[in-house]
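Please consider the model shown below. The paragraphs that follow lead through some of its strands, its aromatic rings and its charged side chains.

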Amino acid sequence: MRNSVFIILIVLFSCSQQQQFNPFFQQENSTLFERKVDLKPVGNAIFKLDKKTRFITNSISATYKTEEEIVSFLNSDNQTIEIFNYKSGEKISEIKLDQEGPNGVGNIGYSSAHYFHNEDSIFVYNRQTSPIFLLDRNGKVLNKFKITDYSDPSNIPVPNSMTLSPIHFLEGQLFLTCALKNYEEDFSGYPSLLSLNIKDGKVKYLATLPSIYSAAFWGAYFKYDPSMTIDHINHQLVLSYPVDHFIYTKNLKSGVEDKHFIGSEFIAEILPYESDPAFFLSRNPKERDEKENIHSFSTSEYRGIIFDKNRNVYYRLALIRPSKEKVLQGDKEFSFSIIIMDENFKKIGENLFSTKIYDPSTIFLTSEGLNFFRKDIYEQDEDIIQFEIFAPLSR
C-alpha cells in the first residue's frame, strides 16, 4: 500500500512538472557579446505643423519621391495623410480621406496604417473594417482589397500594422503582421504574417506564431503582437515576437527558414502569466483581471525589428518594464533599449533610452538613421515635430 501511494505521488509530481513552463535563455548574443558599436545622435529632423494639425499617429512611412526623401504620417484626428520633405521639414501636401461615398475609406481610427509607395500609389489599411485601399494623390480610391473577414466566426487573424512594424512592399506584394482575434489553447499554425498580391488580390499566410505561444498563457493581447521587417537585398522576412528571445527568418526565394537567439542584456527571462495555455478558459471574459494587467506591465518584452539596408544592420527594440512592486504602486514608467545586430544576426551593440524623452512607439528609419520622436519637445511646442536621429557608430 505504501509503495502504491509513493508511485501515485511520483506520477502526480511528474504531471505537475510537465505543466510547468521552462523558459529558454542563453547568455551568448544577450549578455555576452562583442560590443562594437553604439547608437549615437547624428542630427535632428524637424517638421513644421499648421495650427489645425496635432501629431497623434500609429503610422509613419518614409520613402523617396524622385530624389527627395519624404516622410508621411496618418493623422487619425483629421482623417488625413500629412506629407513632408524629410530634409527641409516643410509640408509638401495633405491628402484628405473621405469617410463615405465613392472614395470613402471609413473612419480610419488610431489603429489604422498606411504605406506611401509613390504619389499615386498610397495604401491605407482600415483596421476597424479590414480593407486595404489604394489611393492616388487626390484621395481617389483606385482599388480596394479584402484581406480578412471579421464576420467569420472562426478565429481568423487580425492584420495589424504600426510605425514599429510598418506595412512593407516588395515585388508587387504588401506584407502585414497579424494580431489575435481570440485566445486559443494551441496556436500551432496560427498566422502571424500575411502578404497581399496587389495584382490579383490574393492573400497568403507566410509565417505562424512560434511554439512558445502554445506552451503557456502570456496575458494581454499585445504580448502576442509580432513585428516584422524585410531585407530587400536578400528577399528575407525577419520576424520578432514580444515574449520570444529568438528572431525568425524566412527567405522568400528559397523558402528556407531559420531562427537566431538575440536577447537583451536588460531582460534575464520572460515569464508567462500562467503555465497553463488554456488558463483563459477558466476566467470570466467580462471581468477585468487586474493581476493580468500588473503582470503585463511588469514583464519586459520585445517590440519592433528594423533592417537598415544603408548600414547592413538590424535593430531590435526591447521594452524594459518596471518591477511588479512599482506597478502595484502605480508606477508603470518603463525604458527601452535598441539591440544592434550585423547581417549574420550577431549582436554587436545595445543602448538604453528613457521614455521621458523619447516615444518608442514612434521610431522609424530613414537614410540618415533611426528617428526617435522627441515627445518632451512636443509637449512644450505642438507646432513642430522633432525627431532625434541616431546611427550605429564604432566605439
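Is Y314 buried or exposed? The model is a predicted one, and in it Y314 has a relative accessible area of 1%. Residues under 20% count as buried, and therefore Y314 is placed in that class. The residue F345 has a relative accessibility of 6%, so F345 is buried as well. The rings of Y314 and F345 form a stacked aromatic pair, with 4.5 Å from centre to centre and 20 degrees between the planes. Because Y314 belongs to strand β20 while F345 belongs to the loop between β21 and β22, this pair ties together parts of the chain that are 31 residues apart in sequence.

Strand β20 covers residues 313–320 and pairs with β21 in the antiparallel sense over 7 bridges. The strands β21 and β22 form a hairpin with 5 residues between them, and F345, which lies in the turn, has a positive phi of about 60 degrees.

How many residues of strand β21 are buried? Strand β21, residues 335–341, is mostly covered, with 7 of its 7 residues buried. The covering applies to both faces: S335, S337, I339 and M341 are buried on one side, and F336, I338 and I340 are buried on the other.

R316 is placed over the face of Y302, 3.8 Å from the ring centre. R321 lies over the face of F334, at 5.2 Å from the ring centre.

A further set of strands may now be followed. Strands of a sheet pair through backbone hydrogen bonds, in either a parallel or an antiparallel manner. In this model, 4 strands make up an open sheet in the order β15-β16-β17-β18, with antiparallel pairing. Strands β15 (227–231) and β18 (257–261) stand at the edges and have a single partner strand each, so one side of each is left without a neighbour in the sheet. On average, and with direction ignored, neighbouring strands of this sheet are turned by 20 degrees against each other.

Within the sheet, β16 (residues 236–240) and β17 (residues 246–251) run antiparallel and are joined by 5 bridges. Among the facing residues, L237 stands opposite K250, and L239 stands opposite Y248. A hairpin of 5 residues connects β16 to β17. Strand β17 is mostly covered, since 5 of its 6 residues are buried. On its way to β18, β17 again takes part in antiparallel pairing through 5 bridges, in which H260 of β18 is the bridge partner of I247. The hairpin formed by β17 and β18 has 5 residues between the strands, and G255 in the turn has a positive phi of about 80 degrees.

Aromatic pairs occur elsewhere too, and the count for the model comes to 39. In one of them, the ring centres of Y213 and Y224 are 4.9 Å apart and the planes stand at 35 degrees, so this pair is tilted. Y213 and Y224 both lie in the loop between β14 (203–208) and β15, and the pair therefore ties together parts that are 11 residues apart in sequence. Both Y213 and Y224 are buried.

The charged side chains complete the account. Side chains of opposite charge can pair when their charged atoms come close. The model has a count of 25 salt bridges. One of these joins D50 and K91 at 3.2 Å, N to O. It links distant parts of the chain, for D50 is in the loop between β1 (37–48) and β2 (60–65) and K91 is in strand β5 (residues 91–96), 41 residues apart. D50 is partly exposed at 27% relative accessibility, and K91 is partly exposed at 29%. K91 also meets E82, with the closest N and O atoms 2.6 Å apart, and E82 is buried at 0% relative accessibility. D50, E82, K91 and E94 are linked in a network of salt bridges.

Another salt bridge joins R54 and E382, whose closest N and O atoms are 3.7 Å apart. R54 lies in the loop between β1 and β2 and E382 in the loop between α4 (375–380) and β25 (384–394), so this pair ties together parts that are 328 residues apart in sequence. R54 is partly exposed, with a relative accessible area of 38%, and E382 is partly exposed with a value of 38%.

Definitions and conventions. Residues are numbered from 1 along each chain as its sequence is written. This is a predicted model: local features need pLDDT of at least 70, side-chain atom pairs count only at pLDDT 80 or more; totals for chains, interfaces and linings use all residues. Side-chain values use heavy atoms; hydrogens and water are left out. Two strands pair if DSSP finds at least two bridges between them. Helices (H or I, at least four residues) and strands (E, at least two) are DSSP runs, numbered from the N terminus. Axes are lines fitted to C-alpha atoms, for helices over the stretch in contact, and angles run from 0 to 180 degrees between N-to-C directions. Buried means under 20% relative accessible area, exposed over 50%, partly exposed in between (1.4 Å probe, protein chains only). Rings of Phe, Tyr and Trp (its six-membered ring) pair if their centres lie within 6.5 Å; planes under 30 degrees apart count as stacked, over 60 as edge-to-face and the rest as tilted. A charge sits over a ring if NZ of Lys or CZ of Arg is within 6 Å of the ring centre and within 35 degrees of the ring normal. A salt bridge is a side-chain nitrogen of Lys or Arg within 4 Å of a carboxyl oxygen of Asp or Glu.
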